[in-house]
Every structure is written in structure tokens, then in C-alpha cells.
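Thank you for asking me to look through this structure with you. Please keep the picture open while you read the points that follow.

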Number of protein chains: 2
Amino acid sequence: MRRSQSVQSTGMVAAEIPGYDYGSSNIGKSPVTLGEFEQLMLDANFTDDDVHWLRQAGKVLADQAPALAGKWRDIIASLPHLAIYWQRPDGKRDAHYAETSGLRLQQWILDTCQRPYDQAWLNYQQEIALRHSSVKKNETDHAQIATPTIHLRHIIAFCAVITDPAIMKPFLAAKGHDAIDVDKMHQAWTKSIWLQIVLWTEPYTNTRLAPNEW
Amino acid sequence: MRRSQSVQSTGMVAAEIPGYDYGSSNIGKSPVTLGEFEQLMLDANFTDDDVHWLRQAGKVLADQAPALAGKWRDIIASLPHLAIYWQRPDGKRDAHYAETSGLRLQQWILDTCQRPYDQAWLNYQQEIALRHSSVKKNETDHAQIATPTIHLRHIIAFCAVITDPAIMKPFLAAKGHDAIDVDKMHQAWTKSIWLQIVLWTEPYTNTRLAPNEW
């Protein structure tokens, strides 16, 4: 995979990202409506200000997505109960899956910062959620992973790392912004992760049994 | 309800808290084992350092729990789609439910900071989760609330407010700690909320259908 020459201008971490179906007709519609998402943004006090600071974060992180994703993956690799999610039945890491899902993880960092949170974004959040779950995990990459699902409990708990200021703020400060601006970028990021976890929870819940329960 | 004279010494926000069954034989066992919770703490990078800073936060927040809980409730009251969770079928707030659940919310703030995260704590997290869900909501207080469940999506999204540094840090700074210590208290608090959301998600998920899915 050739890395894009100009991630700042394209907003893409690579010229091609296998399985990155953002906006594609391959993916379905989110079960969460835009009206429902408006309510969730109110719950989280996610405002236009946060959108502004996410855009700034997107510029700051554009060339750092590989390093940030790598940092998280080093932590995953150090925890055997998380590392299983990219291991084949023989216990070895599936290299193709690791590469393609890694590129998509990097692109997700930038999408979190730069995409409008519209219908296409909602739809892709649902696709990401399905790819964590047994509904679609491993399918996209035809991967031979021993574990058919990423357990929701570990996805949520790991968000403490994804939002950890000790990890995130050095990246957000790397282009010379002052501490107040870094705080604002970090807080907008954290709110977005809470909102995305709401959306990623959907396939694991009893929605089909009792639509009002989750 | 008489307010305790010495919340600092008892760790309790009131001499009596109706329905507060922490450690009681009235409540069941958590479906999450201590071993599983150990893994979740690793996921979240929740360490002994965080326990230390939560204890400090507990001392700082001891006499501020009513004010902090009140701040969150003002936000809930301002959002009609959240305010329904304490409204009776006639649209009026159920005063008894508001008072008793409010005291339990205050106590939860202190428990988050001062309780050991042991089996009793895990069990009570499950009880809190059940009381959000249709399994037990309103039962504890015999409340006549129109809505039989607090929808998981709103619980998770509101955690962006529960962890919002703009709200939380002024409370954590109120006893004169410097900014670095306030940061550490806030970060420990945030990690704990991520972990508790994992636990609170359980009743909403397909665990009984497919135990490995969440």
C-alpha cells in the first residue's frame, strides 16, 4: 500500500485503504437516526465548539495517525487477552488483517476529527460496530482470526486508553498549540469517543428483541 | 432525611439512604468476576496510582457531593428527553424518587472514590445497572415513572458530562490542590467511569442469549 503523499490535502492516511467503505453503498443504514443523534450530542454537551476543536486536532494529527495508532496497538499487544483479537488459531498475528485494520484505525482517527457527523458518518459507525461484532468481524479482510468477536466490555474499557490525556495530549501538543488549546482538542476528542461508544454498542444490545431497551 | 454530621468520618452523605443496599444480601452477584474485572482494569490502564488519586478526590468531594450531583441534575432537567426518566405519567417529577435516587447518586460519587473495587462493589455496580434497566428501574422506590428503563444510549452519552473537566475540575480544585493533582484526580475519575460503564452495560446486552458476545 502506497502512503498518500499529502494526507493534509486529501484527509486520507493512504491512497488506498482496503475495506474502507466510508460512504459506499456496500454498507447499510445506521439504526440510529440523525434526530436521535442530535439528542445524544445534547446529552454529551457536544457543541459547535467541539467540532471546531476536532478540526484543529485533525490538522495536528494528520501526519501522526500512524504513530498514535501504533501507541495504542503496542498496549494491545502487551495484553494477551486483547492481542487474541488479531491472532489466528495458531496464535500468530494475522499480518494482512493487522495491516488493513491498522490503516483503517489510522483513518478513523482522522475521520473522528474531520468528518461531518452526518448520515454517512452514522452509517459508517454502525459498520465499524458490526466489524467489531460477530456479525462482520474478520469478514472484510477474509481474516482467519480465532476469535469471532471483539467483546464489548474490552472495547469500552480500552476507551480509557483512547482518551487518556497522558497518551493523547503529547500528540495534540506536537504542533506548538498552548495547553488551553490542547485541553480543548482533547475534550472534544473525548466527547466524540463517548458518542461513538454509544453507536458501537448497538449490535451487542437487545435492540432486535426490545427496540426501546438500549 | 437527616444529613450526616460527619460525611468525612462516615463516608456517607446521609445517616440513612433509602434503597442504598451496598453490601446487602438483598442484591445479587455480579455476572462479571473479579478476574474479568482485573482484565478490564488492565485495558483501561487503571492502576494503584489511580486508586490513590480517587481517595484524594473522595476527601475533596466529601462535602461537595450534593452540589456536584445537583449540577448534573440541572443539566438533565434542562433536556426534556432526559427529564422523562424521573417523570410520572402526568409529566410531573416524582418527588420521592427524585430525593431518594438523588441521595444514592451523591453516595455513588463518594463510593466511586473511596470504595475498594472488590466483589461487593462489583455486585452493587450490577444492582445500579439493573436499576437503570427495565429489570429493576422504579422498583426500589415504588416510583410511578412513565418510562420503564433508562435507555443505555443516554446513560453512555451523559458520561461525557459526568467526566467533563469543565464541570468536574472546579470541584476537584476546591480544596486548594494544584493543577497537576487535579488532573490526576480527574483522570482517575474518568477511568473509573469508563470501567463502570462496562459494568452498567451488562443488563442491556445479549449475555443471556450468547454469553461471549458482550
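Which helix gives the most residues to the lining of the largest pocket?

1. The model is a predicted one, and the question above can be answered from it: helix 10 of chain A gives the most to the lining of the largest pocket, contributing eight residues. The space in this pocket comes to about 650 Å³. Among its 33 lining residues, those closest to the centre are A:P165, A:K169, A:H186, B:K169 and B:H186.

2. Both chains take part in this lining, for the elements that give two or more residues to it are helix 3 (48-61), helix 9 (165-172) and helix 10 (179-201) of chain A, together with helix 3 (48-61), helix 9 (165-172) and helix 10 of chain B. By residue type, the lining of the largest pocket divides into 14 charged, 11 polar and eight nonpolar residues.

3. After helix 2 of chain B comes B:N45, which has a positive phi, near 50°.

4. Helix 8 of chain B (residues 152-162) has 11 of its 11 residues buried, so it is largely enclosed by the rest of the structure. Its buried residues include B:R153 and B:H154 as well as B:I155, B:F158 and B:V161.

5. Over all chains, the structure holds 23 aromatic pairs. One of them is edge-to-face and joins B:W108 to B:W189, with 5.7 Å from centre to centre and 70° between the planes. This pair links distant parts of the chain, since B:W108 lies in helix 6 (residues 95-114) of chain B and B:W189 in helix 10 of chain B, 81 residues apart. B:W108 counts as buried because its relative accessibility is 9%, and B:W189 counts as buried because its relative accessibility is 1%, the cut-off for buried being under 20%.

6. In chain A, finally, A:F37, A:F46, A:Y117 and A:W121 form one aromatic cluster.

Definitions and conventions: Residues are numbered from 1 along each chain as its sequence is written. Chains are lettered from A and ligands numbered from 1 in the order in which they are written. This is a predicted model: local features need pLDDT of at least 70, side-chain atom pairs count only at pLDDT 80 or more; totals for chains, interfaces and linings use all residues. Side-chain values use heavy atoms; hydrogens and water are left out. Helices (H or I, at least four residues) and strands (E, at least two) are DSSP runs, numbered from the N terminus. On a 1 Å grid over the protein atoms alone, a cavity is a set of points where a 1.4 Å probe fits but cannot get out, and a pocket is an open set with protein on both sides within 12 Å along at least five of seven lines; lining residues have an atom within 4 Å of a point. Grid points are joined across faces, edges and corners, and a volume is the space filled by probe spheres set on the points. Ala, Val, Leu, Ile, Met, Phe, Trp, Tyr, Cys and Pro count as nonpolar, Asp, Glu, Lys and Arg as charged, and the others, Gly among them, as polar. Rings of Phe, Tyr and Trp (its six-membered ring) pair if their centres lie within 6.5 Å; planes under 30 degrees apart count as stacked, over 60 as edge-to-face and the rest as tilted. Buried means under 20% relative accessible area, exposed over 50%, partly exposed in between (1.4 Å probe, protein chains only).
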